[in-house]
Amino acid sequence: MKYLGKAAAAAAIAAVPSWAAANSSDPIIIPLHNWSSQIVMSNLVGTIFETAGFNVEYVTTDSQAVYESIRLGDVTLELEVWEGAFGVAFNEALAKGGLHDAGDHEVSSREEWWYPSWAGEACPGLPDWTALNDCAHLFATPETGDKGRFLGGPVDWLKHDQERAEGLGLNYVVVNAGSAAALWAELAAAEKANRPILLFNWTPNFVEAVWDGAFVEFPPYFEGCKTDASLGINPDMTYDCGNPTGGYLKKAAWDGMEENWPGAYAILKKVSFTNANVAEMAKLVDIDGMEPEDAAAKWLEENEEIWKPWIEGMS
Ligand code: TMO
């Protein structure tokens with residue numbers, strides 16, 4: 001038998017750090033959805049896991065159904081749980097068991113009907129929602145007749161815009177964009193034509209760096225607005241309120257993640273981005289035109305002081 005010198009033996013042992021021994025070599029499954037910051041953030045956190053020695057796989061999934069997949073362990077985590085869009089699906093999965101809250105980003109989020117400055121000039125009663133009906137003709141298109149047009153996001157974001165229009169008696173037709181990119185393309189085209197437009201937007205996002213504008217101020221969100229028709233200003237309808245302002249942006253994890261990959265789970269708990277970080281991730285794709293993988297690599301390169309501490313002693 002070949003004699004392994006003391007130094008060589010020590011080196012061989014050191015090559016497998018103690019924290020790594022308990023970790024599975026199975027891939028951590030990270031879901032990708034249909035808006036840029038989420039895709040970039042997922043790629044860059046995946047790269048951080050890989051840097052720390054974990055295997056990672058990406059799957060493109062529906063942004064609502066993903067919570068059921070995480071609960072069942074088919075997907076390992078979610079990096080962008082937006083309160084407005086996904087709070088309900090997240091809470092339902094939480095109540096069934098198998099998934100948990102893995103902490104908040106340092107983000108104050110908002111997802112809401114939004115208009116650019118030139119629409120505000122045409123309809124000076126905004127941002128108060130009660131101005132919407134008087135201005136419906138400004139937002140009307142041949143497709144919507146004498147009703148205003150609201151351009152919503154892709155249907156899987158489940159914003160219940162039609163229910164809100166009905167709950168608040170708004171003379172508007174909701175049209176859903178096929179993709180996030182379609183929202184920004186229509187906004188750019190409306191700017192060129194100096195045509196008022198009302199569309200779904202959110203913060204943090206790159207939009208605020210490019211276009212002046214404001215969210216519509218609906219009656220404030222309250223507990224039960226989405227579920228109890230008797231509550232709110234319309235006693236017969238749900239959704240007679242706006243989306244939460246100052247909403248959370250949180251991480252979710254499969255309950256089995258910590259046991260399978262304790263090292264990666266420890267990293268996930270430390271992951272926390274700010275409004276500026278999230279807006280920058282979206283900008284790299286939506287303004288600079290980068291591929292999400294390249295955007296993730298660039299972000300990691302330029303922000304080592306943020307993420308290197310999360311994997312200290314692991315890489
Ligand atoms: C979940 N989103 C940021 C698209 O509203």
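Me: Contact means heavy atoms within 4.5 Å. Among contacts in the chain between residues at least 6 apart in sequence, what percentage join residues at least 24 apart?

Reply: The figure is 72%. Before going further, note that this is a predicted model, where local features need pLDDT of at least 70, side-chain atom pairs count only at pLDDT 80 or more, and totals for chains, interfaces and linings use all residues. Residues are numbered from 1 along each chain as its sequence is written, and side-chain values use heavy atoms, leaving out hydrogens and water.

Me: How many helices and strands does the chain have?

Reply: Helices (H or I, at least four residues) and strands (E, at least two) are DSSP runs, numbered from the N terminus. This chain has 14 helices and 10 strands. Its C-alpha atoms fill a box of roughly 90 × 45 × 25 Å along the principal axes.

Me: How is the chain divided into domains?

Reply: Domain bounds come from an automatic or database domain assignment. Here domain 1 covers 2–107 + 247–311, and domain 2 covers 110–215. Their C-alpha centres lie 33 Å apart. At the contact, 18 residues of domain 1 meet 15 residues of domain 2.

Me: At what angle do helix H3 and helix H12 pack?

Reply: Two packed helices are described by the angle between their axes and the distance between the axes. Axes are lines fitted to C-alpha atoms, for helices over the stretch in contact, and angles run from 0 to 180 degrees between N-to-C directions. Helix H3 (residues 36–51) and helix H12 (residues 275–286) pack at about 105 degrees, with axes 8 Å apart. Angles under 35 degrees count as roughly parallel, over 145 as roughly antiparallel, 65 to 115 as roughly perpendicular and the rest as oblique. H3 and H12 are therefore roughly perpendicular.

Me: Which residues make the contact of H3 with H12?

Reply: H3 gives Ser 36, Ser 37, Val 40, Met 41 and Leu 44, while H12 gives Val 278, Met 281, Ala 282, Val 285 and Asp 286. They divide into 7 nonpolar, 2 polar and 1 charged. In this scheme Ala, Val, Leu, Ile, Met, Phe, Trp, Tyr, Cys and Pro count as nonpolar, Asp, Glu, Lys and Arg as charged, and the others, Gly among them, as polar.

Me: Is Asn 234 buried or exposed?

Reply: Buried means under 20% relative accessible area, exposed over 50%, partly exposed in between (1.4 Å probe, protein chains only). Asn 234 counts as buried because its relative accessibility is 17%. Across the chain of 315 residues, 50% count as buried. Asn 234 is in the loop between strand E9 (213–215) and strand E10 (249–254). A polar atom of the Asn 234 side chain lies 2.9 Å from the backbone oxygen of Gly 167. Beyond four places in sequence, Asn 234 touches Glu 166, Gly 167, Ala 229 and Asp 240.

Me: Where are the cis peptide bonds at Pro 127 and Pro 204?

Reply: Omega is the angle to read. From Leu 126 to Pro 127, omega is near 15 degrees; Pro 127 is in the loop between helix H6 (117–122) and strand E6 (148–152). Between Thr 203 and Pro 204, omega is about 5 degrees. Pro 204 is in the loop between strand E8 (199–203) and helix H9 (207–210).

Me: What is phi of Leu 158 and of Asn 194?

Reply: Leu 158 has phi near 45 degrees, a positive value in a residue other than glycine. Leu 158 is in the loop between E6 and helix H7 (161–167), and is partly exposed at 43%. Asn 194 has a positive phi of about 50 degrees, although not a glycine. Asn 194 is in the loop between helix H8 (180–192) and E8, and is exposed at 54%.

Technical notes. Polar contact = N/O pair within 3.5 Å; in protein donor to acceptor, adjacent residues only side chain to side chain.
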